[in-house]
Amino acid sequence: MDYLQGLNPEQRAAVEQTEGPVMIIAGAGSGKTRVITYRVAHLIRKGVDSFNILVLTFTNKAAREMRERITHVVGNEAKNIWMGTFHSVFAKLLRVEAEKIGYPSNFTIYDTDDSKSVIRAILKEMNLDDKLYSVNFVLNRISASKNNLISWQEYQKNEQIQADDFSSGRGQMGLIYQNYATRCYRAGAMDFDDLLYKTNELLKLHPEVLNKYQHKFKYLMVDEYQDTNFSQYLIVKKLAAVNENLCVVGDDAQSIYAFRGANIQNILNFEKDYPDLKVFKLEQNYRSTQNIVHVANSIISNNKEQLKKNVFSEKEAGDKIKVMRAFSDNEEGKMVAETIMQDRSLKGRKWHDFAILYRTNAQSRSMEEALRKLGIPYKIYGGLSFYQRKEIKDLIAYFRLTFNPNDEEALKRIINYPRRGIGDTTVDRIIVSADQNQISLWEVILEPSKYLDGRTSAAVGTFATMIQSFQVLSKTKTAYESAVYIAQHSGLLKDLYEDKSVEGINRHENIQELLNGIKEFSEREDIEEKGLDIFMQDIALLTNDDNDKNPDADTVSLMTIHSSKGLEFPQVYVVGLEENLFPSQMSLNSRSDLEEERRLFYVAVTRAETKLTISYATSRFKFGTLISCEPSRFLDEIDAKYLELDYSAKPSTSNNPFFDDDRKAWSGGKQADAFSKPKPATSAPVKTTSILAKAHIPSANFKPSDTSNLQVGMEVEHERFGFGKVLNLEGNKPDIKATIFFKEIGQKQLLLKFAKLYII
Ligand code: ATP
Ligand code: MG
């Protein structure tokens, strides 16, 4: 079987063990994902019907790539495999079965913004303090409950939970959960967690449905099993219960989603669940050089909780791991960009051979700026999805309402956008009437004269008639025809067209882009149903990576470490190795949180194939303030023999006199003790005091002012940078960046929302 040639004996054995429960727990880069891919191809070659295979991956992108590879071996049969993330696969299943648990098949998927908006409304109605009950706290609490399959009824009955809530002064949590669940249900909407929670409910309450899928999915495979939560674990267990042809692969050392409810016990209990389990060990890492593998092993050995593994590489020893120190976050970006530039020409690399990984999204700014300055093309992964943009969400809200008029969040979003004289008071009135009469908002809107007074009732009636006309139209027209009609007749296109600001033009273009996408969908030949409802189905689950128009473009990749899971790049930069950033401040209170951060570091370094560079800055801007930083404890933990310290960077020679003192201090600096905590003497190149000593002293009448009307040419005073003139403004609210020339320190780019500026 030629297609099995690319496997080592252990991998091959795992691929050929197609029957019964199988578990592969192995280190990074050892071919776990490869085994799943080959296993699926092998099953189909052996005659298993491709409709009977279910593969659960970590991202939609991983599923797409896997499907492509399988297609090479088995051809178009690969199209029939159910393959994707837990959320997308079970959303698909729920579309077929939702009516059995009281939802319309065209239920809406509420994204996080929708969920937050529902919670906000509930908190307001219940008159609760939104500091004590912060939206994020409430959302996390509800999410954790659902992921542990605790219904709101159970939540309210559970004495331990109630005691916890009362002792923290949040005794109303149970009621909020109830209201939230009821409201989503009334709106015919499921949030992300519901896609799993409701699947469990469906399989529990309807044995005939469970039975159907147990027989359909004769073979199940799960990648990244270490990051499944209880809800996911139970779905898999139930579906596999009849045939028990279940293969899970994962790495306990890469479990990085405990904060979202992932449960490492799912791996540890697997043996108990399936006593005749076959376990395969993969020890050879095929991805990285020996040095990189050594470093990864030395990092993870600091964790107490881990399954011991012996991971080795037979590739060349490779370069030592370079550690770069920078004097500021901007400097760090510059060093990274410059070495990328150098390596590309010296080693004949392509831009797409490089990845920059960071702990938090905010770190991308200094990296982006530096890359842009050198003209290096880059792409940010896992960022804001195209579908999350305001104007796109607005138009999609019209689509959502057309197919599910009970969708309250969509309705609230557009009932008065574009403006049609239905103010907040009227909307509140509609909500109250719906509550009082135990009906949906839509039902109130259908009979406005019954619930509202004269003038507003007419406007509301016109709105309802318009949505109804969209409903009629979309039954017969293609997705594209319906979408264009709705964009025009809702008034949305006109509203955007009339806005001639840069942002307005941009928004109009985005809408055109969405319509183009829908046009392409309408013209596809490989699908039969091409209605707008089908196009809409899983849009809420798409990330910006799924909307990538040009996935093969030659660009440097930027992403958080969390989104780099499973990926690999020839050269990797892991930046921001500083205390309180990585490990993050939030993880410092418990061993288990700290160990999760360390696993995250392990994930980061194991993405690299041939060259790994780690960097840190000794000062960094956080929320507009310059703070000094200590190198991360994780650096200390790596065996120094694998490291090469590159402290060649001099403090910036740009027009930034902040660093004059530091430059002098630097000449006396030593390299060897660089990881130890900064010492006050010459060995600490940047000291907070030296930076602050130079800082501007604000004038007596200095008071940060509202900068929303800031314009190019205006003169300003900055709390610390002194007096300057605005040279340029770019970006959209609330992320407008101002380039300002300061008399004392030269040019600087500031994010307006954080900058403490006084307009003179
Ligand atoms: P991670 O833990 O990061 O998800 P993984 O265990 O899933 O890693 P893969 O991504 O499947 O590992 O494999 C890592 C790299 O090694 C891939 O480029 C893969 O093609 C290659 N590889 C795996 N096994 C072999 C093999 N037997 N021969 C050659 N290359 C291999
Ligand atoms: Mg993998």
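**Close-ups of a predicted model**

**View 1. The shell around ligand 1.** Out of 18 residues around ligand 1, the ones that come nearest are Gly31, Lys32, Thr33, Arg34 and Tyr286; a residue counts as near if its C-beta atom, placed from the backbone, lies within 6 Å. This is a predicted model, where local features need pLDDT of at least 70, side-chain atom pairs count only at pLDDT 80 or more, and totals for chains, interfaces and linings use all residues. Residues are numbered from 1 along each chain as its sequence is written, while chains are lettered from A and ligands numbered from 1 in the order in which they are written.

**View 2. Ala26 in its loop.** Ala26 sits in the loop between strand 1 (22-25) and helix 2. Ala26 counts as buried because it has 27 C-beta neighbours inside 10 Å, and the cut-off for buried is 20 or more other C-beta atoms, placed from the backbone, within 10 Å. Leaving out residues up to four places away in sequence, Ala26 touches Lys32, Asp251, Lys281, Leu282, Glu283 and Lys309; contact means C-beta atoms, placed from the backbone, within 7 Å.

**View 3. Gly29 in the loop between strand 1 and helix 2.** Gly29 is buried too, with 25 other C-beta atoms within 10 Å. Setting aside neighbours within four places in sequence, Gly29 is in contact with Asn285, Tyr286, Arg287, Ser288 and Thr606.

Methods: Helix = DSSP H or I, 4+ residues; strand = E, 2+ residues; numbered from the N terminus. Buried ≥ 20, exposed ≤ 12 C-beta atoms within 10 Å, placed from the backbone. Contact = placed C-beta atoms within 7 Å.
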